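Hi,

Here is the structure I promised to pass on.

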Amino acid sequence: MMKRREELQVVARPWRADSAVRSQMVDACSLASLQMNGPTLRSLGVVSAIRGEGRSSVAIAMAVVQQRDYRRRVLLLEMDFERPSLARRLEAEATPGLAELIRGDASIHDVVQPLADGMSTITAGAAAGGGLRLIVELMSSGLFQQLMGHVEVVVVDLPPLIGSSFAAQAAGLVERALLVVRAGVTPVAQVREAVASLPAEPVILLNGVESRLPAWLRRRSGT
């Protein structure tokens, strides 16, 4: 049975965004969010072609932008069942999480963890190798829509597309997809493969471009 909405209100706790993500990343995502009509987004999935592209950092930063810039109630939801990292990065509990919620072993009230006023997270939990099955159940259960009903926007940390059996399906749950590409690292062929696997054209965020520009050019370009 669903908990009443007022029981799920997020309360403040000692947590600093800069302990989990660099301020420069948040500022970059603030600009990207405006280009995606960030103040009106209901759900955003952050994905990458392969691991190591900064996907989880961008997901955290996008959630911070929603809370900091737009004063919206935001849920940061982890769907990377194979290699979850948000619990460590956010200093949150690893379980129970989304896996337990989908299986019916925990309620929404049990798995929502407050981070700051207006911002909360649900970690991936213990999937026990059943990521594909969990995503299929999530898509058919209407649970994702129930989670959206408790906040103004959901930011989803999706698994990388290449090598995952369920990442593309999970991306179909969200309104917009943001594909993180590590500039100068990810092969173009893999970027094309990732884009082709998504149900809709994603917005692409190049991660690491600024660090490769000389200082004088960064000053001239305003980056």
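Below is what turned up, starting with the overall picture and ending with the sheet.

A word on the ground rules: this is a predicted model, where local features need pLDDT of at least 70 and side-chain atom pairs count only at pLDDT 80 or more, while totals for chains, interfaces and linings use all residues. Residues are numbered from 1 along each chain as its sequence is written, and side-chain values use heavy atoms, with hydrogens and water left out.

The protein chain has ten helices and seven strands (DSSP runs numbered from the N terminus: H or I of at least four residues for helices, E of at least two for strands). It has 223 residues, and 52% of them count as buried (under 20% relative accessible area with a 1.4 Å probe, protein chains only; exposed is over 50%, partly exposed in between).

Now the inside. A nonpolar core here is a set of buried Ala, Val, Leu, Ile, Met, Phe, Trp, Tyr and Cys residues joined through side-chain atoms within 4.5 Å. The largest one has 40 residues, and L77, M79, F81, L98, L138 and F144 have the most contacts inside it. Apart from that core lies another of 31 residues, including L44, A59, L76 and L90. As a general point, nonpolar side chains tend to be buried together in soluble globular proteins.

Seven strands make an open sheet with mixed pairing, in the order 3-4-2-5-1-6-7 (two strands pair if DSSP finds at least two bridges between them). Strand 3 (113-116) and strand 7 (203-207) are at the edges with a single partner strand each, so one side of each has no neighbour in the sheet. Strand 3 runs antiparallel to strand 4 (residues 119-122), joined by three bridges, and Q113 stands opposite T121 in strand 4.

Cheers
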